[in-house]
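Hi there,

Here is the structure I promised to pass on to you. Have a look at it first, and then read on for what turned up.

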Amino acid sequence: MKRMMTAMIAATLPAAAFAGEAEVVSNYADMAHAVYEDSLIKAQELDAAIADFVASPSDVTLAAAKAAWLEARVPYQQSEVYRFGNPIVDDWEGKVNAWPLDEGLIDYVDGSYGGATDENPLAALNVIATPSFELSGETVDASEITPELLAETLHEADEVEANVATGYHAIEFLLWGQDLNGTDHGAGARPYTDYLTGDDCTGGNCERRAEYLVSATKLLVSDLEWITEQWAEGGEARAAVVDDPTAGITAMLTGMGSLSYGEQAGERMKLGVMLNDPEEEHDCFSDNTHNSHFYDGMGIHNVYFGKYMRVDGTEVKGESLASLLAEKDAGLSNDLGHALDHTMVELAEIKAAAEAGFSYDQMLARGNEAGEELIMSAVDALVAQTREIERAVSVLSASEIEVEGSDSLDNPDAVFQ
């Protein structure tokens, strides 16, 4: 579903009003390169931690691999604002951050999970335990689990989006396992013994599970290498915005509006509250959803203010949408900045509550008024900042902008049909 942000015709604005667009989109591209490069750096650290873990499985090495995964999410979530407005990112993103996933495709699951469905015959395939299977009438040899098998055969197999075989969330599931706590406190609790060999192996097929985990992580690294190159000097994604600054401004506003509204406020937050369903959590196995929401919001904030703090503590900064908008309408620039600041306060409240022991799962429980208030206050702030982004579009863009919508926001009755 799309919503339309209407924009003024460029000819109605004085030509001088467009001064600075080139500098703004150049800084936008610099920030994109930095955030993806940071994501790559952290994925490489995750790859090293997982190599240590599978070489010597223990509680200690599993904890280190989990910590590396959590750290890897911080820069990546700040990159999501580059979705929606940049086709290169949109075409690529599903490889690394698709969710939710039918985890039974990958590994063993609890008996309550169920089996194959009409919508997804592979929902309970368990490829880790299945070295050969039928797909679209053909026999697939999965005797060796490789990055190529995951990327080219298993990911979105049979064109089913829930067949997520690659990316952060596949790795997350393999590290944490299913979260069987419902709306009670607690994340997945996969034991390190799921990666031991011989008689000490739990869950069966421990060597194949390790093959899958290593392959998925190496694939994540290579996918991030590719997208980082696209934003480097001479890269296609960079060229698409810097060679046409007007289109670049449109991409910036589209990414901000779509992530604010349909994706985060709608699909990732309000929908879970409406359904009281922890399966709608973005990082549902690790119970890291509070951080994912916070850093998504931070990514929007970064793009507007033209600043990104790198993982090494240095800052990428330059001309921004905020300064460009201030030249045209200082009051609106302040209004949008305040709206973005307010959203970060609301998202920080969720983050703080979760870190204090009130997990996002619990916030989603039916009848939990405190949890619903925390989440819906952030949803309301995201919707409100989208309204300010819409106002900015009318000043900064000469084009209509399509923004992702969500039934949870636009047609709530449809959620239950």
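**Salt bridges and a hairpin**

Being three residues apart in helix 1 (residues 21-55), K42 and E45 are separated by about one helical turn. The two form a salt bridge, and their closest N and O atoms are 3.1 Å apart. K42 counts as buried because its relative accessibility is 15%, under the 20% cut-off. E45 is partly exposed, with a relative accessible area of 38%.

Please keep in mind that this is a predicted model.

Another salt bridge is formed by D107 and R209, whose closest N and O atoms are 2.7 Å apart. This pair also links distant parts of the chain, with D107 in the loop between helix 3 and strand 2 and R209 in helix 6, 102 residues apart. D107 is buried, and R209 is buried too.

There is also a network: salt bridges that share partners join E80, R83, E93, E263, R268 and D296.

Now to the strands. Strand 2 (residues 132-135) has F133 and L135 on its covered face, whereas S132 and E134 are on the uncovered one. It runs antiparallel to strand 3 (residues 138-141), and four bridges join the two. Across this pairing, F133 stands opposite V140. Strand 2 and strand 3 form a hairpin with two residues between them, and S136 in the turn has a positive phi of about 55°.

Finally, the surface. Which residues form the negative surface patch? They are D141, E144, E148, E152, E207 and E211. Helix 4 (147-154) and helix 6 (206-231) are the elements that give two or more residues to this patch. E152, found in helix 4, counts as exposed because its relative accessibility is 66%, over the 50% cut-off.

Best wishes

Technical notes
Residues numbered from 1 in each chain as written. Predicted model: local features only at pLDDT ≥ 70, side-chain atom pairs only at ≥ 80, totals over all residues. Heavy atoms only, no water. Buried < 20%, exposed > 50% of the residue type's maximum accessible area, 1.4 Å probe, protein only. Pairing = 2+ DSSP bridges. Patch = residues over 30% accessible without salt bridge, like charges linked within 9 Å, V, L, I, M, F, W, Y side chains within 5 Å. Areas by Shrake-Rupley, 256 points an atom, 1.4 Å probe, with all protein chains shown as cover. Salt bridge = Lys/Arg side-chain N within 4 Å of Asp/Glu carboxyl O. Lys, Arg positive; Asp, Glu negative; His and termini not counted. Charge placed at Lys NZ, Arg CZ, Asp CG, Glu CD.
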